[in-house]
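Thanks for asking me to go through this one with you. Have the sequence and the 3D view open side by side, and my notes follow as numbered points.

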Amino acid sequence: MSTYDVAVIGSGPGGYVAAIRCAQLGMKTAIIEKYSTLGGTCLNVGCIPSKALLDSSHHYEHATKHFADHGIEIPGGVKINLEKMIARKQAVVDQTTGGVDFLMKKNKIDVFEGVGSFKDATHINVTKADGKVDTIEAKNTIIATGSKPSTLPFIKLDKKRVITSTEALKLKEVPKHMVIIGGGVIGLELGQVYRRLGAEVSVVEFMDRIIPGMDKSLSRELQKVMKKQGVKFYTSHKVTALKTTAKTVTITADDKKGNPVEFKGDYCLVSVGRRPYTDGLNAEAAGVKLNDRGQVEVNDHLQTSAANIYAIGDVIKGTMLAHKAEEEGVFVAETLAGQKPHIDYNLIPGVVYTWPEVAAVGKTEEELKEAGIKYKSGQFPFRALGRARASADLDGFVKILADETTDEVLGVHMIGARCADLIAEAVTAMEFRASAEDISRMSHAHPTFTEAIKEAALAATENRALHV
Ligand SMILES: Cc1cc2nc3c(=O)[nH]c(=O)nc-3n(C[C@H](O)[C@H](O)[C@H](O)COP(=O)(O)OP(=O)(O)OC[C@H]3O[C@@H](n4cnc5c(N)ncnc54)[C@H](O)[C@@H]3O)c2cc1C
């Protein structure tokens with residue numbers, strides 16, 4: 001039997017990063033993954049493939065709608081080869097997961113393919129696809145088993161017409177009408193992909209706004225822009241039933257007034273969230289407790305109810321984001337090495353990769369109001385920037401919320417071109433507890449989208465943005 005200092009169960013961004021950091025810190029490390037490719041949800045059926053399809057569909061949209069504005073004419077017209085688009089996406093995934101294989105070898109991490117299941121707190125059975133079982137011994141274990149798509153109790157996911165994000169990443173045809181249940185990040189990103197490719201897209205959302213966890217101003221602006229792009233929104237609609245035939249799906253929802261409304265489509269994407277995944281883990285055998293939401297319960301050190309077992313990523317509390325899982329992977333590795341790492345959960349940015357992109361860090365206006373914190377707000381529209389006009393990306397704004405007395409930046413919320421990358425400046429500033437004035441006095445290259453951050457900071461400082 002092989003013995004390890006650390007065994008990591010699950011090879012998503014939480015697990016594989018934890019394994020690398022453990023190995024860097026001199027621990028003999030094993031990683032267990034039930035699928036034949038490493039990388040978890042994020043690399044195989046999440047972050048990476050969705051971004052590949054967002055990029056491909058964005059190119060198509062540019063070619064069909066915007067090239068002519070730039071004086072580029074395509075005499076024969078433009079057409080989609082969906083099979084090729086999906087194959088390219090898969091090639092991107094394969095390269096990326098192959099990169100994780102390389103990193104495991106480079107760091108001398110032993111990879112076990114199979115389902116990891118606790119025998120007790122220091123022994124894990126790994127059951128391979130052919131039924132053979134390896135047992136490994138580990139002084140410490142990190143559970144990084146991630147999450148799976150969830151559904152509504154009365155909706156059966158047939159994975160043909162009633163699908164999750166996993167199937168939506170490999171459809172064989174562009175839907176005629178895709179009905180999306182859930183106006184969160186995943187539904188909106190994939191909805192935008194298929195809208196660009198020509199599908200009619202209807203988003204049915206239970207809450208009174210899309211991307212409900214984010215600042216209200218971002219929800220409003222994103223809905224406005226996506227509506228212009230042709231996506232139909234039905235907020236405050238509670239889905240009550242779903243029926244399928246061979247080629248159709250009918251969804252019934254109660255509208256604001258409680259009246260039933262029907263949506264008929266050829267595909268229904270159910271994107272109502274994800275559930276922590278612990279199937280087959282046999283957590284009880286190791287003394288690892290789950291909470292009533294099915295998450296592995298952890299303390300502030302991400303330690304479970306079994307002292308030598310930790311858990312990270314989607315399978316524990318907190319936002320389900322790849323970079324949150326990564327931070328936690330590093331945190332546990334360094335804790336095991338006797339260091340004193342720290343994660344500021346307030347500064348984990350949230351991003352939606354639609355176009356315009358949406359990104360935020362820190363507190364929303366709603367949260368500040370609820371906490372009774374007095375704040376000032378500075379906002380700057382992208383359309384006032386030369387860079388935005390050059391690329392015709394005029395939608396959106398940057399909003400900075402700063403403490404009314406100290407001027408410390410408390411939250412940054414942005415929607416517009418390249419916000420997924422721009423948010424890093426806000427994270428850096430907030431990590432160093434910058435004031436809005438600090439940001440406003442930093443030189444920002446011209447012409448860039450980052451100038452909107454400086455201008456919003458100026459607006460928050462003394463209401464003295466320069467270009468509006
Ligand atoms: C369509 C989509 C798009 C997304 N886009 C983004 C994005 O742009 N940015 C972002 O930050 N997040 C995004 N996410 C979320 C992100 O994918 C997750 O937050 C992230 O993957 C969580 O990482 P993890 O390591 O906790 O778990 P996972 O990535 O889910 O990995 C868990 C791994 O554990 C394995 N496993 C489970 N049980 C066992 C077992 N018993 N034995 C062996 N192996 C096991 C699983 O097979 C899986 O490979 C997206 C998700 C989806 C679905």
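**Notes on the model**

1. Let's begin with a serine. S150 counts as buried because its relative accessibility is 16%, where buried means under 20% relative accessible area, exposed over 50%, and partly exposed in between (1.4 Å probe, protein chains only). You will find S150 in the loop between β7 (147-149) and β8 (162-163); helices (H or I, at least four residues) and strands (E, at least two) are DSSP runs, numbered from the N terminus. The S150 side chain reaches the backbone oxygen of G273 at 2.9 Å. That pair is a polar contact, meaning N or O atoms within 3.5 Å; within protein, one must be able to donate a hydrogen and the other to accept it, and residues adjacent in sequence count only if both atoms are side-chain atoms.

2. A word on what you are looking at. This is a predicted model, in which local features need pLDDT of at least 70 and side-chain atom pairs count only at pLDDT 80 or more, while totals for chains, interfaces and linings use all residues. Residues are numbered from 1 along each chain as its sequence is written, and side-chain values use heavy atoms, with hydrogens and water left out.

3. Now the overall build. The protein has 13 helices and 22 strands. Its radius of gyration is 24 Å, close to the 23 Å that the globule rule gives for 468 residues, so the protein is as compact as a globular protein of that length. (The radius is taken over C-alpha atoms, and the rule is 2.2 Å times the number of residues to the power 0.38.) Along the principal axes, the C-alpha atoms fill a box of roughly 65 × 60 × 50 Å. Of the 468 residues, 53% are buried.

4. A backbone N or O atom of G116 sits 2.8 Å from a ligand nitrogen. On the side-chain part, a polar atom of D314 is 2.9 Å from a ligand oxygen, and one of H323 is 3.3 Å from a ligand oxygen. The protein covers 96% of the 1000 Å² of accessible area that the ligand has on its own, by the Shrake-Rupley method with a 1.4 Å probe; for residues, only the protein chains shown count as cover.

5. Another serine to look at is S50, in helix α3. S50 is buried, because its relative accessibility is 6%. A polar atom of the S50 side chain lies 2.8 Å from the backbone oxygen of G46.

6. Is H446 buried or exposed? With 61% relative accessibility, H446 counts as exposed. This histidine is in the loop between α12 (436-440) and α13 (451-462). UniProt, in an unreviewed entry, places the feature "active site" at H446; positions are given in the numbering used here, feature names are shortened, and annotations may be inferred rather than shown by experiment.
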